[in-house]
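Please keep the sequence and the 3D view at hand while reading.

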Amino acid sequence: MGPADHERFMRAAHEQALIAFDQGEVPVGAVVVLDGQIVGRGFNQPVGTNDPTAHAEIIALRDAARAVGNYRLPGAILYVTIEPCLMCAGALVHARVATLVYGAVEPKAGCVRSTLRALDHPALNHRVHVIGGVLESECRSLVQSFFACRRVVVV
């Protein structure tokens, strides 16, 4: 897969993030791609589902696993608009995802490059290739817009 493919699939993840935004969830979206086809989609839903594990990545991985009939997703690429947290990084390892492609870094909770390099830990039994910064400004802008709307001060 080349840069154009990464941008195309990140746009699909961004569409998922817009759904989260419209539902009042932190706008993070994800898609799982296998053999050039989207097999799983997800957007952040922890507030609406009262489920702390309902992150976009987890929802997309669950959707993909159901679609292919296997909880292991060897050869899969997960596209997500924001750098994953520690929980989601762990899920990538357990699912045997081959590649993670993310849009913008998450300086507070991102555990792939920002606060930790969780996927690089030597004790892990699976390695995930990481590509960051795909459509970074669009992904970052959506999250910033979401939080800017919530910080409006009424005088």
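What covers the buried residues of helix α3 (residues 56-68) includes β1 (29-34), β2 (37-43), β3 (77-82) and α4 (86-95), where buried means under 20% relative accessible area with a 1.4 Å probe, protein chains only, and helices (H or I, at least four residues) and strands (E, at least two) are DSSP runs numbered from the N terminus. This is a predicted model, in which local features need pLDDT of at least 70 and side-chain atom pairs count only at pLDDT 80 or more, while totals for chains, interfaces and linings use all residues. Residues are numbered from 1 along each chain as its sequence is written, and side-chain values use heavy atoms, with hydrogens and water left out.

**Helix α3**
- The buried residues of α3 are Ala56, Glu57, Ile58, Ile59, Ala60, Leu61, Ala64 and Ala65.
- Just after α3, Gly69 takes a positive phi of about 75 degrees.

**Helices α1 and α5**
- Helix α1 (residues 3-22) packs with helix α5 (residues 136-150) at an angle of about 5 degrees, and the two are therefore roughly parallel, a term for angles under 35 degrees between N-to-C directions.
- Their contact (heavy atoms within 4.5 Å) involves residues including Met10, His14 and Phe21 of α1 and Cys139, Leu142 and Phe146 of α5.

**The largest nonpolar core**
- Val32, Leu61, Leu78, Tyr79, Leu100 and Leu119 touch the most other members among the 45 residues of this core, a set of buried Ala, Val, Leu, Ile, Met, Phe, Trp, Tyr and Cys residues joined through side-chain atoms within 4.5 Å.
- With six residues, α4 gives the most to this core.

How values were computed. Axes fitted to C-alpha atoms, helices over the stretch in contact; angles between N-to-C directions. Parallel < 35°, antiparallel > 145°, perpendicular 65-115°, else oblique. Expected span 1.5 Å × (residues − 1). Buried < 20%, exposed > 50% of the residue type's maximum accessible area, 1.4 Å probe, protein only.
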